[in-house]
Number of protein chains: 2
Amino acid sequence: MDITSAAQSVRFSTMVQKLKACGQRMTPQRLTVLRILAESSEHLSAEQVYARVQPEYPMTSLATIYNTLTLLRDMGEVIEIDMGHDGCRYDGLHPFPHPHVICLQCNIITDAANLPALDDMASQVQQSTGFQIINHRLDFFGICPECQARQNQP
Amino acid sequence: MDITSAAQSVRFSTMVQKLKACGQRMTPQRLTVLRILAESSEHLSAEQVYARVQPEYPMTSLATIYNTLTLLRDMGEVIEIDMGHDGCRYDGLHPFPHPHVICLQCNIITDAANLPALDDMASQVQQSTGFQIINHRLDFFGICPECQARQNQP
DNA sequence: TTTACTGCAAACGATTTGCAGTCCC
DNA sequence: GGGACTGCAAATCGTTTGCAGTAAA
């Protein structure tokens with residue numbers, strides 16, 4: 001088992017534990033969603049999660065996917081990345097605020113290395129505005145290497 | 001004329017110029033929207049802009065408000081702040097990326113002082129991901145001073 | 001057995017769109 | 001006069017909800 005799949009396995013167990021601890025029931029649909037979230041380092045949409053659940057539980061409905069995603073989001077086990085006019089993407093592997101890099105052309109989302117300066121910024125903002133800062137989002141928008149290459153040789 | 005209203009006046013003229021330069025027509029509805037955007041340092045929703053246009057041009061439709069906001073956004077004369085489940089807010093006074101502080105309780109949006117470190121972050125991310133960075137958004141979420149006070153003495 | 005969870009389909013709500021009429025330029 | 005802009009209402013689309021049936025505990 002390599003480092004990546006170990007991390008995925010940990011995430012899966014953590015999510016299961018967290019749900020159980022909150023008295024939530026474990027259904028096969030939920031377990032499948034949890035596994036898919038823990039397995040994929042991409043940032044899936046609800047529809048994409050739905051598509052991946054289908055082969056295993058074809059009767060699963062989209063509403064259930066949303067239920068589970070909302071549940072996990074509210075427990076802090078999944079990060080919701082709002083793409084505005086293009087719905088939301090979900091990150092179950094790194095369920096804490098971290099910067100994303102989003103391609104304006106193909107909409108791919110990549111994780112950026114965590115920038116320690118952000119914490120300083122938060123306390124700076126807290127001081128200057130009087131807000132009690134709880135959370136943040138930092139997203140960079142641009143063109144991914146693949147789309148850049150595609151532009152240069154169409 | 002104080003500094004604030006001077007800045008507002010400049011923003012209004014700039015937006016008018018920009019639209020004209022792009023061959024856009026100036027209608028009373030549009031001018032009203034431009035003025036409202038240039039006047040208000042709050043971060044209005046489309047519906048709020050609509051409400052403020054009503055007294056002057058009661059026949060104006062919401063679709064026209066959206067038209068104008070989208071036009072300005074695409075020209076880079078207005079910043080769109082995506083609130084996810086709560087629609088969008090628009091900032092016509094500071095039409096460049098800058099950090100916002102958003103209250104999770106009353107949804108008020110405040111501008112945070114610009115953080116120069118952000119530019120360093122952008123080039124850092126550009127280097128490590130290969131993305132060509134064009135834009136960014138940095139939003140802090142928390143509780144505003146008013147809501148904090150309200151919690152302590154209900 | 002209990003009641004939380006599920007599937008289905010209808011509802012929702014912010015935004016967009018189609019179209020006929022209007023009015024800037 | 002011509003074509004961009006407007007108002008209206010209907011359409012869109014991701015997400016939520018109501019409800020009756022199902023199954024986890």
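This is a predicted model: local features need pLDDT of at least 70, side-chain atom pairs count only at pLDDT 80 or more; totals for chains, interfaces and linings use all residues.
View 1. Strand S1 of chain A and strand S3 (residues 88–91) of chain A run antiparallel and are joined by 2 bridges. The sheet to which they belong is open and consists of 3 strands in the order S1-S3-S2, with antiparallel pairing. Because strand S1 (44–45) and S2 of chain A each have a single partner strand, they stand at the edges, and one side of each is left without a neighbour in the sheet. Strands of a sheet pair through backbone hydrogen bonds, in either a parallel or an antiparallel arrangement.

**View 2. The hairpin of S2 and S3 in chain B.** Strand S2 (residues 79–82) of chain B pairs with strand S3 (residues 88–91) of chain B in the antiparallel sense, over 4 bridges. Within this pairing, Ile79(B) has Asp91(B) of S3(B) as its bridge partner. The hairpin has 5 residues between the strands, and in it Gly84(B) takes a positive phi near 65 degrees.

**View 3. A salt bridge within chain B.** The side chains of Lys18(B) and Glu77(B) meet in a salt bridge, with an N to O distance of 2.8 Å. This pair links distant parts of the chain, 59 residues apart, since Lys18(B) belongs to helix H1 (residues 3–21) of chain B, whereas Glu77(B) sits in the loop between helix H4 (62–75) and S2 of chain B. Over all chains, a search of the whole structure finds 18 salt bridges.

**View 4. The axis relating the two chains.** Chain A is superposed on chain B, with an RMSD of 0.1 Å, by a rotation of 180 degrees with 0.0 Å of shift along its axis. That is the relation of a two-fold axis. In chain A, the C-alpha nearest the axis belongs to Leu138(A), at 2.2 Å from it. The copies meet through the same surface, because 100% of the interface residues of chain A are also interface residues in chain B.

**View 5. The area buried between chain A and chain B.** In the contact between the chains, 37 residues of chain A meet 37 residues of chain B. The two chains bury about 3,300 Å² between them, and 68% of this area is on carbon and sulfur atoms. On the side of chain A, the residues that lose the most area to chain B are Met121(A), Phe131(A) and Arg137(A), which together account for 23% of what that side buries.

View 6. S6(A) and strand S6 (residues 132–143) of chain B pair in the antiparallel sense over 11 bridges, and the bridge partner of Ile143(A) in S6(B) is Gln132(B). Across the interface the rule finds 2 salt bridges; in a salt bridge between Arg137(A) and Asp139(B), the closest N and O atoms are 2.8 Å apart. Between chain A and chain B, the count of residue pairs in polar contact is 14, with both residues at pLDDT 80 or more. Among the elements that give two or more residues to the side of chain A that touches chain B are helix H5 (117–129) and helix H6 (145–152) of chain A, while S6(A) gives the most to this side, with 12 residues. The residues of the side of chain A that touches chain B divide into 21 nonpolar, 11 polar and 5 charged.

Methods. Residues are numbered from 1 along each chain as its sequence is written. Chains are lettered from A and ligands numbered from 1 in the order in which they are written. Side-chain values use heavy atoms; hydrogens and water are left out. Copies are superposed by least squares on the C-alpha atoms of residues with pLDDT of at least 70 in both. Contact means heavy atoms within 4.5 Å. Two strands pair if DSSP finds at least two bridges between them. Buried area is the accessible area (1.4 Å probe) that two parts lose on being put together, summed over both. A salt bridge is a side-chain nitrogen of Lys or Arg within 4 Å of a carboxyl oxygen of Asp or Glu. A polar contact is a pair of N or O atoms within 3.5 Å; within protein, one must be able to donate a hydrogen and the other to accept it, and residues adjacent in sequence count only if both atoms are side-chain atoms. Ala, Val, Leu, Ile, Met, Phe, Trp, Tyr, Cys and Pro count as nonpolar, Asp, Glu, Lys and Arg as charged, and the others, Gly among them, as polar.
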